[in-house]
Amino acid sequence: MHLKSFQKYFSSRRAFTIIELLIFLAILTVLMISFISVLVTVTAIHGRQAGVADVNQQSQFLLQQIQYFVERASLIELAPNIGTTTLKLRMAASAEVTIYLYLSGGTLYLRQTDAGTAQPLTSSRVTVSSVNFTKRQNAPGRDSVSVSFTIAYRTQNPKQQFSQA
């Protein structure tokens with residue numbers, strides 16, 4: 001009697017068939033591929049947005065620094081209406097203090113006095129590929145400086161590259 005109840009248990013028990021297991025694995029595979037694709041896309045977008053934010057932040061900082069020094073300068077030592085890559089300013093506090101802003105190796109530098117130490121104005125996360133300073137004369141008023149530069153996010157990933165002029 002014991003053998004019959006054992007056989008009855010196994011004959012009434014339902015197991016998964018090979019077809020059901022294959023369908024489950026196919027659905028699981030599709031879900032995993034979809035999840036990984038979404039994760040990769042979100043990561044790429046996040047990386048690009050980080051580059052855009054760095055470029056915008058560095059651009060604003062550069063413009064603010066240039067504006068700060070030009071506003072406080074007593075003399076802009078450039079030929080009028082001719083573009084140059086180095087901005088030379090005489091400061092109002094002392095005629096002996098000269099400020100230089102120049103591009104070297106993808107970084108914009110600030111140097112105070114001829115013998116001063118150059119300080120980078122841009123971070124290592126961005127590169128400045130070109131800069132142009134142009135003195136604009138305003139006859140009875142103060143002179144001004146036009147500034148143009150191209151700044152780019154420094155990355156090896158082509159999907160994260162971003163530049164701004």
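Tutor: We can go from the overall makeup to single residues. Keep in mind that this is a predicted model.

Student: OK, what does the secondary structure of the chain come to?

Tutor: The protein chain has two helices and eight strands.

Student: And what pattern does the chain follow along the sequence?

Tutor: Read along the sequence, the pattern is α-α-β-β-β-β-β-β-β-β.

Student: Which strands form the open sheet of five?

Tutor: That open sheet runs in the order β1-β2-β3-β4-β5, with antiparallel pairing. Its edge strands are β1 (73-76) and β5 (119-120), each of which pairs on one side only.

Student: How many bridges join β3 and β4?

Tutor: There are six bridges between strand β3 (residues 98-104) and strand β4 (residues 107-112), and the two pair in the antiparallel sense. To find a spot in that pairing, look at I99, which stands opposite Q112 in β4.

Student: Now the three-strand sheet. What order are its strands in?

Tutor: The order is β6-β7-β8, again an open sheet with antiparallel pairing. The edges are β6 (126-136) and β8 (163-164), and each of these pairs on one side only.

Student: What packs on that sheet?

Tutor: Helix α2, residues 18-72, packs on the sheet and touches β6, β7 and β8. The direction of helix α2 makes about 160° with that of β7.

Student: How many bridges does β6 share with β7?

Tutor: β6 and strand β7 (residues 144-153) pair over 10 bridges, in the antiparallel sense.

Student: What does D54 touch?

Tutor: Leaving out residues up to four places away in sequence, D54 touches R125, V126 and Y153. V126 falls in β6, which spans 126-136, and Y153 falls in β7, which covers residues 144-153.

Student: How far apart are F61 and T122?

Tutor: In sequence they are 61 residues apart, while in space the distance is 8.4 Å, C-alpha to C-alpha.

Student: Switching to the surface. Which residues form the nonpolar patch?

Tutor: The patch is made of F16, I18, L21, L22, F24, L25, L28 and M32, with about 860 Å² of accessible area together.

Student: Take L22 from that list. Why does L22 count as exposed?

Tutor: L22 has a relative accessible area of 52%, and exposed means over 50%, so L22 counts as exposed. L22 is another residue in helix α2.

Student: And for the chain as a whole, how much is buried?

Tutor: Buried residues make up 25% of the 165 residues. The accessible surface comes to about 11500 Å², and 60% of that belongs to carbon and sulfur atoms.

Student: Last one: what share of the contacts join residues at least 24 apart?

Tutor: That share is 42%, counted among contacts between residues at least 6 apart in sequence.

Conventions. Residues are numbered from 1 along each chain as its sequence is written. This is a predicted model: local features need pLDDT of at least 70, side-chain atom pairs count only at pLDDT 80 or more; totals for chains, interfaces and linings use all residues. Side-chain values use heavy atoms; hydrogens and water are left out. Two strands pair if DSSP finds at least two bridges between them. Helices (H or I, at least four residues) and strands (E, at least two) are DSSP runs, numbered from the N terminus. Contact means heavy atoms within 4.5 Å. Axes are lines fitted to C-alpha atoms, for helices over the stretch in contact, and angles run from 0 to 180 degrees between N-to-C directions. Patches are made of residues with over 30% relative accessible area and no salt bridge: like charges are joined within 9 Å, nonpolar side chains (Val, Leu, Ile, Met, Phe, Trp, Tyr) within 5 Å. Accessible areas come from the Shrake-Rupley method with a 1.4 Å probe; for residues, only the protein chains shown count as cover. A salt bridge is a side-chain nitrogen of Lys or Arg within 4 Å of a carboxyl oxygen of Asp or Glu. Buried means under 20% relative accessible area, exposed over 50%, partly exposed in between (1.4 Å probe, protein chains only).
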